[in-house]
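This report describes a protein chain and its surroundings, moving from the strands to the ligand shell.

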Amino acid sequence: MIPLMIDLAARHVVIFGGGAVGARKAAFFSGEARVTVISRSFLPALLRPGIERIEAECAGMDEAGLNHLIRDAFLVVAATSDPGLNDRIGRAARSAGALFNNADGEAGDVLIPSVIRGERYLVALSTGGASPAVPRFLREHLEERFPHLDTMIGVQARLREDLKECIGSQEERQRILRAVLRDPEAWAWLSSGEEGAYQRIWERYISGKDTPY
Ligand SMILES: C[C@@]1(CC(=O)O)c2cc3[nH]c(cc4nc(cc5[nH]c(cc(n2)[C@H]1CCC(=O)O)[C@@](C)(CC(=O)O)[C@@H]5CCC(=O)O)C(CC(=O)O)=C4CCC(=O)O)c(CCC(=O)O)c3CC(=O)O
Ligand SMILES: NC(=O)C1=CN([C@@H]2O[C@H](COP(=O)(O)OP(=O)(O)OC[C@H]3O[C@@H](n4cnc5c(N)ncnc54)[C@H](O)[C@@H]3O)[C@@H](O)[C@H]2O)C=CC1
């Protein structure tokens, strides 16, 4: 499997199963795609505008019934508690040419990763299905460890432009950018905002006498 970033605006994502897993997948997609959840019951988290719901018992549904429900889907997610049903949904999705993610049953052709997203970055973590607790653990660890990552990216972006004006050697510029990333104090300064942190970093690494890198 390989990671891709896909623009789902105006795409239709059809999710089977209105439990905790179906609700999590719906929240994941509903910021961007049109989302329909099909289930015989729905958790309260799914009872909100922006998510279309179809109440249906799918166990006895024939292929034609399933095909009708996914007819214009770009991606189909099976998140019912019945792996046999999930696998049938997967076969229908494949024959309709839609991508398929299976929350429980035979693996589909799409896995949903843990995602850490800021204004200027996106990290997706996966174990390929081996241990879903690990991507979540890593997400929580990284969120806690780097609460100001967006600010650091802003500082780095500005620094790399400004360094081009005053330092001719690319190797030297690279060394400074990397030294800032490894400097615990630089990370601590970020909590006071981008401007203040930038000034202190500039002073330490460029205009000041102290060049610790
Ligand atoms: C294969 C995959 C299919 C798919 O859904 O795409 C899948 C499958 C299964 N997960 C199960 C259980 C758990 N899933 C989580 C958490 C997440 N699971 C997610 C993805 C995936 N889960 C895909 C592979 C991802 C990968 O590894 O790369 C995340 C990343 C994204 C998301 O779902 O939103 C999200 C974290 C989001 C976040 O918080 O950042 C936790 C942890 C927890 O919640 O604390 C547990 C309990 C602990 C455990 O069992 O590990 C079970 C039932 C096992 C059983 O019956 O015991 C199955 C079915 C099976 O294994 O057959
Ligand atoms: N992929 C993942 O990240 C995870 C997957 N799982 C697995 O995913 C499955 C779903 O988990 P939960 O949401 O916690 O289960 P749940 O039991 O809370 O929800 C299942 C949903 O599917 C619906 N459903 C079941 N059979 C149906 C049918 N015949 N027709 C229509 N709707 C039907 C139910 O009404 C319910 O809304 C479980 O098998 C679980 O082991 C569990 C944890 C994480």
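Which residue of β4 does valine 14 stand opposite? Valine 14 stands opposite valine 76. The model is predicted, so that local features need pLDDT of at least 70 and side-chain atom pairs count only at pLDDT 80 or more, while totals for chains, interfaces and linings use all residues. Residues are numbered from 1 along each chain as its sequence is written, and chains are lettered from A and ligands numbered from 1 in the order in which they are written.

The strands (DSSP runs of E, at least two residues; helices are runs of H or I, at least four, and both are numbered from the N terminus) form an open sheet of five in the order β3-β2-β1-β4-β5, with parallel pairing, where two strands pair if DSSP finds at least two bridges between them. At the edges are β3 and β5, each of which pairs on one side only, and the twist from one strand to the next averages 20 degrees. Four bridges link β1 and β4 in the parallel sense.

| Strand | Residues |
|---|---|
| β1 | 12-16 |
| β4 | 75-78 |
| β3 | 51-55 |
| β5 | 99-102 |

Helix α1 (residues 20-30) gives the most to the shell around ligand 2, namely three residues. The shell holds 20 residues, of which Gly17, Gly19, Val21, Ala103 and Asp104 come nearest; a residue is near a molecule if its C-beta atom, placed from the backbone, lies within 6 Å of it.

Note on methods. Axes fitted to C-alpha atoms, helices over the stretch in contact; angles between N-to-C directions.
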